[in-house]
Structure formats: structure tokens, C-alpha cells
Amino acid sequence: DYSGKRPHLVDRHTGEERPVELFVAALGASSYIFAEATEAQNLPSWVGSHIRMAESFGGSTAIWVPDNLKSGITTPCRYEPEVNRTYADLAAHYGAVVIPARAGHPKDKPKVEAAVLLAQRWILAVLRNRIFFSLADLNVAIRECVDAINRRPMKKLGASRQELFEQLDRPALVPLPVDRYEMREW
């Protein structure tokens, strides 16, 4: 999912602020978070974020539950949504199937909705007074914040997302394919 609140980059020469997107993903059992900034919500950014997400997790889940973003879902439908061919090809490459959440039903993906809220509070709020000139610098700072979130113990469970990830999610991940996915468009 993408966060509604967005970070921004500053142009070195003009000082103009340019908003960028914040991609957020979460695993089901551990709530382990992945987040990164991208230029836009277009297909190359969407696919690239999923590739880096799978590499960060060290594998892929069997099911991906995205929003009905146009980059991923060509035709949203309650019963038979049409998944973008490039996105479906990406999912098949990583051994996953795409089952999009119903439009207007955030309860279909509560883990990522909670992760987006955490990202807004513990990433965007922490970085709000810092100035970034490049996407790479912004993503380094985001990665540091994400690592802190994943290491912090959760009050109700008494364990961190990192510990739960190692116990529950990592063993269930589909191993990464030998070759990295190369984007194709139809």
C-alpha cells in the first residue's frame, strides 16, 4: 500500500519541495514492516518496490494482498478483479498469487493499514524536519527507521517484529528465484 501522507525531496538548485510516495508492506504473522520511498505510484515503481520488498524479506509470501491501485489492478471487481499482466507476471516469478483487497474495504488488509499508520508516525514524523536531496538518501533514513520499528518490542506480545519474523514468517516464505525479475510491459 502507499501512504496518503508523503515525504518530500528538495531540489538543490531551486529549493523547491517535490513530494514522493511512501510504499509500505507488512507480513501477516509477525507484522514485520518494509517501507521505501519511490518517485511515483506508476507501474515501474510498484514493481520495483515489490522486488526490493521480496529481497528484503529474503523470500516471498504465497499470497499478495494489494490495494486496488491502477498500477497493480487493471479492473477492480468484487468477484473477478483483473490483475495487471506485468504485476501478475512478477507475482508468478516469486511464486505468489495476487488477491486484491475489495475497493473501499481496508479491513481486508488490516496488517498493512496498521503498518501505514506506524510509518506515518514513526518514519514520516521522525524525518519531517530533515532535508533530503535524493531518493537514495531518503531511503537510507527510512531503512534506519524501519529497522528501529521492527526491533522495538510490541507491548501486547512481549516480542519484537524481528523476533516474530524469524520464528513465524521466515520459515514460511517461498525462496527467492535464482534470477531477479526483469520488468516486462504488455
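Predicted model: local features only at pLDDT ≥ 70, side-chain atom pairs only at ≥ 80, totals over all residues.
View 1. The crossing of α3 and α4 is right-handed.

**View 2. Side by side, α3 and α4 meet through named residues of both helices.** From α3, the residues in contact are Leu118, Trp122, Ile123, Val126 and Leu127, and they meet Leu138, Ala141, Ile142, Cys145, Val146 and Ile149 of α4. By class, this contact of α3 with α4 comprises 11 nonpolar residues, with no polar and no charged ones.

**View 3. The largest pocket has a volume of about 410 Å³.** Its lining consists of 24 residues, and those closest to the pocket centre are Ala26, Ile63, Trp64, Val65 and Val112. Strands β3 (21-26) and β5 (63-64), together with helices α1 (43-57) and α3, each supply at least two residues of this lining, which divides by class into 14 nonpolar, five polar and five charged residues.

**View 4. The second largest pocket has a volume of about 350 Å³.** Fifteen residues line this pocket, and Leu118, Trp122, Arg152, Met154 and Arg161 lie nearest its centre; Leu118 and Trp122 are also among the α3 residues that meet α4. Helix α3 gives the most to the lining of the second largest pocket, with eight residues, and the lining as a whole has nine nonpolar, one polar and five charged residues.

Conventions: Residues numbered from 1 in each chain as written. Heavy atoms only, no water. Left-handed = near helix turned anticlockwise from the far one by under 90°. Helix = DSSP H or I, 4+ residues; strand = E, 2+ residues; numbered from the N terminus. Contact = heavy atoms within 4.5 Å. Nonpolar A, V, L, I, M, F, W, Y, C, P; charged D, E, K, R; others polar. 1 Å grid on protein atoms, 1.4 Å probe; cavity = no way out; pocket = protein on both sides within 12 Å on 5 of 7 lines; lining within 4 Å. Points joined across faces, edges and corners; volume = space filled by probe spheres on them.
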